[in-house]
Amino acid sequence: MPKRVPITVAHGDGIGPEIMAATLHILKGAGAELDVETIDIGEKVYLAGNSSGIEPSAWDSLRRTRVFLKAPITTPQGGGYKSLNVTVRKTLGLYANVRPCVSYHPFVETKHPQMDVVIVRENEEDLYAGIEHRQTDQVVQCLKLISRPGSEKIVRYAFEYARRNNRKKVTCFTKDNIMKLTDGLFHKVFTEIAAEYSDLENEHWIVDIGAAKLADTPGAFDVLVMPNLYGDVLSDVAAQIAGSVGLAGSANIGERVAMFEAIHGSAPRRAGQNLANPSGLLLGAVMMLVHIGEMGVAERVHNAWLRTIEDGIHTYDVYKEGVSRERVGTKEFAEAVVQRLEQTPQTLKAAKYKPVEGEAAERKQTAGHIRAQKDLVGVDVFVDWSAASADDLGSALVGLNGDGLKLEMMSNRGVKVWPGGHSETFCSDHWRSRFLSENNGGTVSHSQIVSLLERFTRAGYDFIKTENLYTFDGERGYSLDQGA
Ligand code: NAD
């Protein structure tokens, strides 16, 4: 008898238990070899006083099985409850969010009959590190962090995913015309890794026009990979315009653990009435079967589901007079899929899953990155100041020159205001003064920076933060300013 694969299952809240029962019924009927461990998450765990919505003991199960099939949960109203998804994603290092967005024309109404895209969203970095500071009366900041290893992992995952799933093209979205270092790194890594996959097309779009194109002509895209924030926004847009939020599943992949779910929530108003569509969770479960290597079962379930949709057997959310044939409840839908387990779709493209060959994508490393020569060449000192014009502050800060450092320029919210600013530029109370070596292009020491800060302190300035300026193999590791 084949070895059963242990998985952790959470039945969730609202419609969760019904769609999970339907999903597990179909998986069983298809012969999935699973050993199910059940954990409690969601509303009752929150209300029992656990602000993260998950029992400490549940982590043991997740660490043991490393595979999590999760039904949607209800986050109770009111403050103090942490998002369970964010907790699970961060705790278990689930770096890739994978969301196929497919239209099922002509069986499910959609504006985009040709849509079949997969969004691969980086899940851990970017603005989501949650590092925010209020620095002055007027200004707050959020740090956007993009790392080379993080970008390499997600981009490689996207290319491996494309290869495994017979996809033709991987598209990257960034805004590197503005964020030249952060998004620039993501784009650069994309270009480097794309070169290793000559069997796949690759392209890059600036995210704004790319997003417009995606919303208008999704058929132009195949697999898309992007940093966290763009992926968060655009994966919802893509699922919505496919016409089928209730039909989409998603995977959150980590190096050790992976989580699979529907993209929708717990729809509490529909709970307990045998109404809900189990398709999103079922398609999440199909991704899980592929992940654990049960390709044959994944294919059987996916194709039976496609055939059910084609046969017009639809739950209320998809049902449409004249297109659908039969309006069914959750249980009857599941039964209809089970009855079609040996069938394939006749019009829609049949699902086909290849076994993963060689090393898993997530364990592949990009060959030896040699650390660059890093030189300290100056410092940006940020000052909270509201009592002077740019010229007044500039002239005053020139007085702090010395010990090998000199004021190069000042900016306010990224716009250069000294020397030679424009009177129209609005200035907040958040100023950046840039000090570089007196010796043009020369290096400086940390102690020179410390003495500069002492001069700031003695002169009575509130310096709110500093950013050291480095070059890496002689290449500037900091942005210039608009107007610079
Ligand atoms: P929702 O996705 O639950 O519902 C939105 C709409 O879609 C509703 O009209 C609902 O009836 C319908 N719908 C959703 N899934 C359906 C399905 N499978 N079959 C038929 N109809 C379906 O979003 P919401 O109402 O904003 O949120 C409800 C609860 O779900 C909230 O507590 C929210 O925090 C939670 N939520 C959980 C997750 C998750 O666990 N991953 C995700 C999103 C929302």
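Two strands count as paired here if DSSP finds at least two bridges between them. Keep that in mind as you look over this predicted model, where strand 15 and strand 19 (residues 462-472) run antiparallel and are joined by 10 bridges.

- Strand 15 (residues 374-384) is joined to strand 18 by seven bridges, and the two run antiparallel. Strand 15 is also mostly covered, with eight of its 11 residues buried.
- D380 has R434 as its bridge partner in strand 18.
- Strand 16 (residues 405-412) also pairs with strand 18, over seven bridges and in the antiparallel sense. Here L405 has S437 as its bridge partner in strand 18.
- How enclosed is strand 18 (residues 430-437)? Eight of its eight residues are buried, so strand 18 is largely enclosed by the rest of the structure. The cut-off behind "buried" is a relative accessible area under 20%.

**Around the ligand**

- The ligand has 18 residues around it, and those that come nearest are I73, G265, A267, N277 and Y316.
- By class, this shell holds seven nonpolar, seven polar and four charged residues.
- Which parts of A267 and T75 face oxygen atoms of the ligand? For A267, a backbone N or O atom lies 2.8 Å from a ligand oxygen. For T75, a polar backbone atom is 3.2 Å from an oxygen atom of the ligand.
- R270 takes part through its side chain, with a polar atom 3.3 Å from an oxygen atom of the ligand. On its own the ligand has 820 Å² of accessible area, and the protein covers 64% of this.

**The loop between strand 12 and helix 9**

- A267 turns up again here, as it is found in the loop between strand 12 (258-262) and helix 9 (279-291). Its phi is positive, about 35°, although A267 is not a glycine.
- Is A267 buried or partly exposed? A267 counts as partly exposed because its relative accessibility is 30%.
- N274 has its place in the loop between strand 12 and helix 9 too. Phi of N274 is also a positive value, near 55°, in a residue other than glycine.
- N274 counts as partly exposed, because its relative accessibility is 25%.
- For context, most residues other than glycine have a negative phi.

**S324, a buried serine in a loop**

- S324 lies in the loop between strand 13 (313-314) and strand 14 (326-327). With a relative accessible area of 10%, S324 is buried, because the cut-off for that class is under 20%.
- Which side chain makes a polar contact with that of S324? The side chain of H314 does, at 2.7 Å.
- A polar atom of the S324 side chain also lies 2.8 Å from the backbone nitrogen of K320.
- Once neighbours within four places in sequence are set aside, S324 is in contact with G312, H314, V318 and Y319.

- Most peptide bonds are trans, as a general rule.
- H105 and P106 are joined by a cis peptide bond, with omega about 0°. P106 is found in the loop between strand 4 (94-102) and strand 5 (116-122).
- Another cis peptide bond joins W418 and P419, with omega about -10°. P419 lies in the loop between strand 17 and strand 18.
- Helix 4 (residues 84-91) has L84, T87, V88 and R89 buried. G93 follows helix 4 and has a positive phi, near 65°.

Note on methods:
Residues numbered from 1 in each chain as written. Predicted model: local features only at pLDDT ≥ 70, side-chain atom pairs only at ≥ 80, totals over all residues. Heavy atoms only, no water. Near = heavy atom within 4 Å. Polar contact = N/O pair within 3.5 Å; in protein donor to acceptor, adjacent residues only side chain to side chain. Areas by Shrake-Rupley, 256 points an atom, 1.4 Å probe, with all protein chains shown as cover. Nonpolar A, V, L, I, M, F, W, Y, C, P; charged D, E, K, R; others polar. Buried < 20%, exposed > 50% of the residue type's maximum accessible area, 1.4 Å probe, protein only. Helix = DSSP H or I, 4+ residues; strand = E, 2+ residues; numbered from the N terminus. Contact = heavy atoms within 4.5 Å.
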